[in-house]
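Reader: Hi! I'm new to reading protein structures, could you walk me through this one?
Author: Happy to, let's look together.

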Amino acid sequence: MAYRKLLVPVIGTEAGEAALATAFMAARIWQAHVHGLHVRIDPRDVAPLAGEGLSGAMIEEMMSATERESSERAKGVHAMFARYIAEHEIPAVSDPTDAFKAGRVTASFGSIIGREEDIVAQQARLSDIVVIAHPEAGDDVSTSDALHAVLFDSGRPVMVTPKKVPATLGTRVCVAWNGTAESAAAVAGALPWLERAEAVRVLYADEYQRRGPEAMGLLDYLAWHGIKADSAQFKPLNNSVGAGLLAASAEFGADLQVMGAYSHSRLRQLILGGVTRHVLEHAGITLLMCR
């Protein structure tokens with residue numbers, strides 16, 4: 001079992017460049033294909049936001065300005081993608097047969113007009129894993145529509161990259177386990193990483209556990225896949241389960257954190273906070289999440 005096709009939304013930011021590099025880092029491990037996707041704003045979506053009191057000419061001008069800006073941005077991110085694969089001598093192919101013939105990492109790029117959160121989630125459904133940039137510093141990660149759309153609507157594992165390209169990926173892997181369907185989905189999606197990792201640790205806590213199998217059961221399940229893992233109980237840090245989880249992961253020296261996302265509803269986490277929200281906002285390593 002391995003990943004063959006990775007999807008990465010391409011955005012023209014520093015975090016976006018880090019995500020692109022991390023996607024190709026993963027692709028080199030699996031000799032996989034990376035499809036870069038850029039979603040352009042549909043100028044027609046601007047009209048309902050224009051508000052009342054604007055003339056038809058003014059709305060047309062706003063739509064034209066949006067189209068120009070969207071076109072320039074699309075050219076910029078495509079150039080960034082093309083520059084990266086040229087510098088790293090990665091062949092651009094669109095046919096799977098050609099990719100298999102190449103016998104190495106390959107790449108393709110596509111640009112689609114629409115709502116980013118809808119398009120990315122839909123395209124993700126035919127990819128093995130989706131690599132998404134960590135929101136830039138100062139952004140409210142809880143309102144990152146594309147990230148949450150992929151988590152909730154794609155049915156695929158989501159890799160959230162750190163703000164800078166990691167030195168290693170998937171050599172030491174931590175699994176955050178709380179017995180939920182979400183954490184089980186994350187383990188299933190991460191099995192290729194777990195099978196090749198040098199070390200795997202299952203992290204659990206009384207405060208994190210929900211109704212479902214406990215950590216010892218997961219160790220037995222992983223053993224059926226030939227994966228030798230140990231386990232460690234962690235404690236909340238400053239009354240935060242998420243902080244305690246990240247501290248335990250850092251102590252292990254993990255370069256990949258596997259976990260389920262939003263075992264509680266997203267609305268509850270937005271209002272009260274939660275493990276998923278804390279980890280997304282504060283993680284310094286690559287995350288692999290499923291919902």
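**A chat about the fold**

Author: Before we start, keep in mind that this is a predicted model. Helix H4 (residues 116-124) lies across E1, E2, E3 and strand E4 (129-132), and it runs at about 155° to E2.

Reader: Okay! Which strands does helix H8 lie across?
Author: Helix H8 (residues 241-252) lies across strand E6 (172-176), strand E7 (199-204) and strand E9 (256-260). Its angle to E7 is about 160°.

Reader: How many helices and strands does the protein chain have?
Author: There are ten helices and ten strands in the protein chain.

Reader: And in what order do the strands sit in the sheet?
Author: The order is E3-E2-E1-E4-E5-E10-E9-E6-E7-E8, in an open sheet with mixed pairing. Strand E3 (106-113) and strand E8 (230-233) are the edge strands, each pairing on one side only. From one strand to the next, the twist averages 25°.

Reader: Can we zoom in on E1 and E2? Do they run parallel or antiparallel?
Author: Parallel! Strand E1 (residues 5-9) is joined to strand E2 (residues 33-40) by five bridges. To find the spot on screen, look for Leu7, which stands opposite His35 in E2.

Reader: What holds strands together in general?
Author: Strands of a sheet pair through backbone hydrogen bonds.

Reader: New topic: which residues touch the most other members of the largest nonpolar core?
Author: Those are Phe24, Trp193, Leu194 and Leu288, in a core of 47 residues. Helix H1 (residues 14-30) gives the largest share of this core, eight residues.

Reader: What is Trp193 in contact with?
Author: Leaving aside neighbours within four places in sequence, its contacts include Tyr3, Ala26, Ile29, Trp30 and Leu288. There is also a second, separate core of 35 residues, with Val150, Val158, Ala254 and Tyr262 among them.

Reader: Back to helix H4. Is Ala121 buried or exposed?
Author: Ala121, which lies in helix H4, counts as buried because its relative accessible area is 2%, and buried means under 20%.

Reader: Nice. Which residues does Ala121 touch?
Author: Not counting residues up to four places away in sequence, Ala121 touches Ala149, Val150, Asp153 and Ser154. Ala121 and Gly155 are 34 residues apart in sequence, and their C-alpha atoms are 8.7 Å apart in space.

Reader: Last one: what percentage of the 291 residues is buried?
Author: Buried residues make up 49% of the protein chain. The chain exposes about 13,900 Å², with carbon and sulfur atoms supplying 52% of it.

Conventions. Residues are numbered from 1 along each chain as its sequence is written. This is a predicted model: local features need pLDDT of at least 70, side-chain atom pairs count only at pLDDT 80 or more; totals for chains, interfaces and linings use all residues. Side-chain values use heavy atoms; hydrogens and water are left out. Two strands pair if DSSP finds at least two bridges between them. Helices (H or I, at least four residues) and strands (E, at least two) are DSSP runs, numbered from the N terminus. Axes are lines fitted to C-alpha atoms, for helices over the stretch in contact, and angles run from 0 to 180 degrees between N-to-C directions. Contact means heavy atoms within 4.5 Å. Buried means under 20% relative accessible area, exposed over 50%, partly exposed in between (1.4 Å probe, protein chains only). Accessible areas come from the Shrake-Rupley method with a 1.4 Å probe; for residues, only the protein chains shown count as cover. A nonpolar core is a set of buried Ala, Val, Leu, Ile, Met, Phe, Trp, Tyr and Cys residues joined through side-chain atoms within 4.5 Å.
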